[in-house]
Amino acid sequence: MSDDKKQTHHEDDKDMIKLIDNLNRKDDVHLNRRAFLKASFGATVAIGLATTPFGIFTFLRDENGEVKRVEITDIKDLAIGESRNFNYPTKNEPAILVRTPEDKFVAYNNKCTHLQCPVFYEHKENVLLCPCHKGYFNVDSGQPMAGPPQRELPKILLEIKDGKVFAVGREVRHG
């Protein structure tokens with residue numbers, strides 16, 4: 001080989017070594033992989049959160065696209081200060097309807113947010129009571145008042161029409 005070719009070949013080797021050294025740097029590969037995984041996870045969470053309302057909307061609608069309306073009771077069959085258990089939106093999800101002393105109707109999911117024990121209406125105290133661990137919820141808001149529950153009861157939306165009380169949806173609340 002001539003000296004020119006040896007020198008060019010030697011320079012090419014230096015360039016290749018720099019390239020190989022760059023590829024072997026663990027930090028670059030590690031950070032790139034970590035960044036990719038973080039971005040992928042973030043995109044997955046964003047897509048999941050963005051599509052959740054559509055799933056809830058579909059879940060609460062019947063096959064004709066109408067809101068699932070479930071008749072709970074006639075107004076005249078539930079006296080002031082009484083409650084009635086029912087299931088909504090499916091037959092496997094217990095709920096409770098309360099006619100408060102102020103003659104207002106409220107309904108909530110009938111599972112304590114602590115350990116899913118059934119919740120009962122206590123007329124004397126005007127609270128929703130979970131007897132398992134003495135959890136108390138405000139009957140007007142579903143917010144925890146005492147005991148271990150930290151989250152409010154899921155609220156069921158009501159409609160009163162022609163003297164009947166209907167469950168027409170669920171309100172997702174946080175805080």
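**View 1. The Arg99 side chain reaches the backbone oxygen of Ile75 at 3.1 Å.** That is a polar contact, meaning a pair of N or O atoms within 3.5 Å; within protein, one must be able to donate a hydrogen and the other to accept it, and residues adjacent in sequence count only if both atoms are side-chain atoms. This is a predicted model, where local features need pLDDT of at least 70 and side-chain atom pairs count only at pLDDT 80 or more, while totals for chains, interfaces and linings use all residues. Residues are numbered from 1 along each chain as its sequence is written, and side-chain values use heavy atoms, with hydrogens and water left out. Arg99 sits in strand β3 (residues 94-99); strands (E, at least two residues) and helices (H or I, at least four) are DSSP runs numbered from the N terminus. With a relative accessible area of 12%, Arg99 is buried. Here buried means under 20% relative accessible area, exposed over 50%, and partly exposed in between (1.4 Å probe, protein chains only). Leaving aside neighbours within four places in sequence, Arg99 is in contact with Ile75, Leu78, Ala79, Ile80, Gly81, Glu82, Lys104 and Phe105, contact being heavy atoms within 4.5 Å.

**View 2. Cys117 and Cys132 pair up in a disulfide.** The structure holds 1 disulfide, a term for a pair of cysteine sulfur atoms within 2.5 Å; in this pair the sulfurs are 2.3 Å apart. The torsion about the S-S bond is about -110 degrees, so the disulfide is left-handed. It links distant parts of the chain, 15 residues apart: Cys117 is in the loop between β4 (105-109) and β5 (120-122), and Cys132 in the loop between β6 (127-130) and β7 (135-138). Cys117 counts as buried at 13% relative accessibility, whereas Cys132, at 39%, counts as partly exposed.

**View 3. Cys112 and Cys130 are in no disulfide.** For Cys112, the nearest cysteine sulfur is that of Cys130, 3.7 Å away. Cys112 is buried at 2% relative accessibility, and Cys130 is buried too, with a relative accessible area of 2%.

**View 4. Phe41, Val45 and Leu49 make a nonpolar patch on the surface.** Together they have about 330 Å² of accessible area, worked out by the Shrake-Rupley method with a 1.4 Å probe; for residues, only the protein chains shown count as cover. Patches are made of residues with over 30% relative accessible area and no salt bridge; like charges are joined within 9 Å, and nonpolar side chains (Val, Leu, Ile, Met, Phe, Trp, Tyr) within 5 Å. A salt bridge is a side-chain nitrogen of Lys or Arg within 4 Å of a carboxyl oxygen of Asp or Glu. Phe41 belongs to helix α2 (residues 26-59) and, at 59% relative accessibility, counts as exposed.
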